[in-house]
Amino acid sequence: MTTTVQFPAIDCTFGSPVSYAPRVLKNAYGNGYEQRVGDGLNTVAEKWTVAWQGIAWNECLEINSFLKAQKGYLPFLWTPPGEAPLQVKCESWSREKTSGTTGNVQATFEQVFDL
């Protein structure tokens with residue numbers, strides 16, 4: 001499956017953290033011995049906590065509408081600040097209105113390796 005849907009061109013707040021949790025299969029034996037192997041071809045996926053703070057309320061609504069359309073499981077392309085584009089999914093996000101014209105959005109983007 002080719003991902004053609006692109007996340008809206010709204011810059012996130014600089015400094016959004018990324019975390020890594022490699023998938024490893026482990027088998028423990030007696031006397032403390034353990035065997036480990038990577039689980040699959042793409043064992044290290046990126047997980048980004050992304051925030052947009054103080055952006056225009058219509059941009060908050062645009063991000064919210066886009067993420068709702070992806071339904072938590074459909075992948076899309078997103079470009080982290082200063083990095084190459086990634087194929088990601090977003091299973092959770094939140095938004096809040098901070099004034100009459102501005103708001104914040106926070107989301108968690110998880111890298112996916114679809115065909």
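## Secondary structure

The chain contains one helix and seven strands. Their order along the sequence is β-β-β-β-α-β-β-β. The model is predicted.

## Overall dimensions

The radius of gyration of the chain is 18 Å, whereas a compact globule of 115 residues would have a value near 13 Å. The C-alpha trace spans about 65 × 30 × 25 Å along the principal axes of the chain.

## Burial, contacts and surface

Of the 115 residues in the chain, 32% are buried. Among contacts with a separation of 6 or more, 64% are between residues 24 or more positions apart.

The chain has an accessible surface of about 7,400 Å², and carbon and sulfur atoms account for 51% of that surface.

Helix α1 covers residues 57-70, which is 14 residues. From its first C-alpha to its last, α1 reaches 20 Å, close to the 20 Å expected at 1.5 Å a residue. After α1 comes Lys 71, which has a positive phi near 60°.

Which residues of α1 are buried? They are Trp 57, Cys 60, Ile 63, Asn 64, Phe 66, Leu 67 and Gln 70. In an α-helix there are 3.6 residues a turn, so residues three or four places apart point the same way.

Key. Residues numbered from 1 in each chain as written. Predicted model: local features only at pLDDT ≥ 70, side-chain atom pairs only at ≥ 80, totals over all residues. Heavy atoms only, no water. Helix = DSSP H or I, 4+ residues; strand = E, 2+ residues; numbered from the N terminus. Rg over C-alpha atoms; globule rule 2.2 N^0.38 Å. Buried < 20%, exposed > 50% of the residue type's maximum accessible area, 1.4 Å probe, protein only. Contact = heavy atoms within 4.5 Å. Areas by Shrake-Rupley, 256 points an atom, 1.4 Å probe, with all protein chains shown as cover. Expected span 1.5 Å × (residues − 1).
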